[in-house]
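These are my notebook entries on a single structure. I record what I looked up, topic by topic.

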Amino acid sequence: MTRPRRQFLALAGGLSLAGAGFSGCSDNSGGRSGTRPGGSTGSGSGSQEEDEDNEMGALVKSRTALPRPFQVPLPIPPVLRPVRTDGTTDHYELTQQVKGSRIIPGHTTMVWGYNGVFPGPTIESRSGRTTVVRHRNTLPRPVSVHLHGGRTPAEHDGYPLDLVAPVGGSIPRGHGHAAMTPTSVTQGQKDYVYPMDQRAATLWYHDHRMDFTGPQVYKGLAGFHLVRDDVEDALPLPKGDKDIPLMIVDRSFDEDGQFLYPSLDPKLASRPGVKQGFMDGVLGDVVLVNGAPWPVLEVEATRYRFRLLNASNARIYRLTLSPQPSGGDAFVQIGGDGGLLEAPVRHDQVELAPGERYDVVVDFSRYPVGTKVTMGNSLGTGETVRVMRFDVARKAREESTVPSRLSRIERLDPAKAVTRRRFEFVRGDVGGMRGWTVNGEAFHPDKVLARPKLNSVEVWEFRASAISHPVHLHLAHFQVVSRRGRRPGPYDSGWKDTLNLKQSDTAEVVVRFTGYRGRFVFHCHNLEHEDMAMMANFDVV
Ligand code: C2O
Ligand code: CU
Ligand code: CU
């Protein structure tokens, strides 16, 4: 599909930018024509990277031929085996390394991966057993590993300035608003200790390096971490090879098949930020599921459980199945960020913002054998309207059901909240540069925007500017109380750790700060916003 008008704008933008340098988070001068709505500009690389008006961000156009959809089987990330287990603890080891991977035909893409693979190996923890993951960093840059959705002591939570320096390497000096002193540096490797004192849920781990989370996750630093428990195991839900994690991301590729990310500093050494036009977020034109472009899964005509994770930097998906099963309700949601819901919720479509997880059951017995069912994305454009395909291959005996009662969820009562806080997610000044803020404040390691007491219940109200901001809290899970003063949305059930806060929207959540005292962050999970300072500390006291 060609869009002559946009190409013209992209070219014009490219020309007007010639010699003007870049902006991203580092230049206040020069009009920002990439701001929506209406304006659109090419990046500093001219027409190669084309903006697209979108409330999520701007599209980076691949410079290589896009792969054809539905040519490759869905990969399932390997499950990591512990190197050692004892009465209380399972020990794992991962090496973060650069490794070539076949992602698009005819090219080897250099991935920054956990054990060199993307997605990283899946870790499976048992609720109540401690998991220790030793992360060795053989990448050229520092890292910080965050277990998203984990209730983790602060020193193991992947605070953005708790860095693991490369083996034999050092921490590059910061620049701009990145000139922050690391809170801690471990050399070469770090043991992350996760008490796993939490219910069964689909968690994920990813990089969280200060100012460079966006590009480092984009290069491949993300994997699943599942927590299992007896309550969930006792349910007759789809299991084994019918319980499948699906990590959905969008990426773009350069002429050599390498990930194409519009960093101001492609070496990710010291200068954070993205090129002009991409501040709203970086969108790719290739959809990868478990690291493969538009893959195909052959399924039996039975129920499957899919653990959907949107690990994209900025893209929001609205997933659909086509054809729809007759009678609709293609997706039966059984879980969210924080594990099983109380009761299943039926949806024709599921909307996922970056960082969110939805556990859904799809019943392929509702389709005749031979049906090819496309999972689409009704928020996409061009090729990103497709995600993957399920081919219903054969009949099989059904061994699972979805019980009408899934789990017990304690309702937090907003009327019992001891404190009410308000946070606005808005554009703003970041040390003299344009960036993103919380309540007008750019992230600073010494600035603390909230001091909730351990075990207290609070109501937090979030307000978004004219663009979406998926709000994520470390440590504390929450329940959605309202949206725009009315009842929560269709995807807000159960325990959440990431809220799909839409443009110009408000929402209230009720949250209890349990587990650990210490300093944690909350931030926008649009990774470009996060890297450009839309993050804040809270101290649990
Ligand atoms: Cu998934 Cu602080 O992030
Ligand atoms: Cu998190
Ligand atoms: Cu945001």
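**Entry 1**

I began with strand S13 (residues 243-251), which is joined to strand S15 (residues 286-289) by 4 bridges, the two running antiparallel. Within this pair, I found Asp250 opposite Val287 in S15. I noted the terms: strands (E, at least two residues) and helices (H or I, at least four residues) are DSSP runs, numbered from the N terminus, and two strands pair if DSSP finds at least two bridges between them. Strands of a sheet pair through backbone hydrogen bonds, either parallel or antiparallel.

I then read the order of the open sheet of 7 strands as S16-S15-S13-S18-S23-S20-S21, with mixed pairing. Strand S16 (292-293) and strand S21 (339-347) are at its edges and have a single partner strand each, so one side of each is left without a neighbour in the sheet.

**Entry 1: basis of the values**

I recorded that this is a predicted model, in which local features need pLDDT of at least 70 and side-chain atom pairs count only at pLDDT 80 or more, while totals for chains, interfaces and linings use all residues. Residues are numbered from 1 along each chain as its sequence is written, chains are lettered from A and ligands numbered from 1 in the order in which they are written, and side-chain values use heavy atoms, with hydrogens and water left out.

**Entry 2: the chain as a whole**

I looked up the helices and strands of the protein chain and found 4 helices and 35 strands. Of its 541 residues, 61% are buried; buried means under 20% relative accessible area, exposed over 50%, and partly exposed in between (1.4 Å probe, protein chains only). The chain exposes about 19600 Å², of which carbon and sulfur atoms supply 49%; these areas come from the Shrake-Rupley method with a 1.4 Å probe, and for residues only the protein chains shown count as cover. Among contacts (heavy atoms within 4.5 Å) between residues at least 6 apart in sequence, 77% join residues at least 24 apart.

**Entry 3: a sheet of five strands**

I found an open sheet of 5 strands with mixed pairing, in the order S27-S26-S29-S33-S31. Strand S27 (433-438) and strand S31 (478-483) stand at the edges with a single partner strand each, so each has one side without a neighbour in the sheet. The twist from one strand to the next averages 25°; axes are lines fitted to C-alpha atoms, for helices over the stretch in contact, and angles run from 0 to 180 degrees between N-to-C directions. Strand S26 (residues 419-430) runs antiparallel to S27, and 6 bridges join the two. In this pair, Gly428 is opposite Gly435 in S27.

His469 lies in strand S30 (residues 469-473) and Cys524 in strand S34 (residues 518-524), so the pair ties together parts 55 residues apart in sequence. Both His469 and Cys524 are buried.

Because His146 lies in strand S7 (residues 145-148) and His472 in strand S30, the pair ties together parts that are 326 residues apart in sequence. His146 is buried, with a relative accessible area of 1%, and His472 is buried at 0%.

**Entry 4: around strand S30**

I followed strand S30 to S32, to which it is joined by 4 bridges in an antiparallel arrangement. His472 has Thr498 in S32 as its bridge partner. In strand S32 (residues 498-501), Thr498 and Asn500 point one way and Leu499 and Leu501 the other, and all are buried.

Pro470 also lies in strand S30. Is Pro470 buried or exposed? Its relative accessibility is 3%, so Pro470 counts as buried. Leaving out residues up to four places away in sequence, Pro470 touches several residues, including Thr498, Leu499, Leu501 and Cys524.
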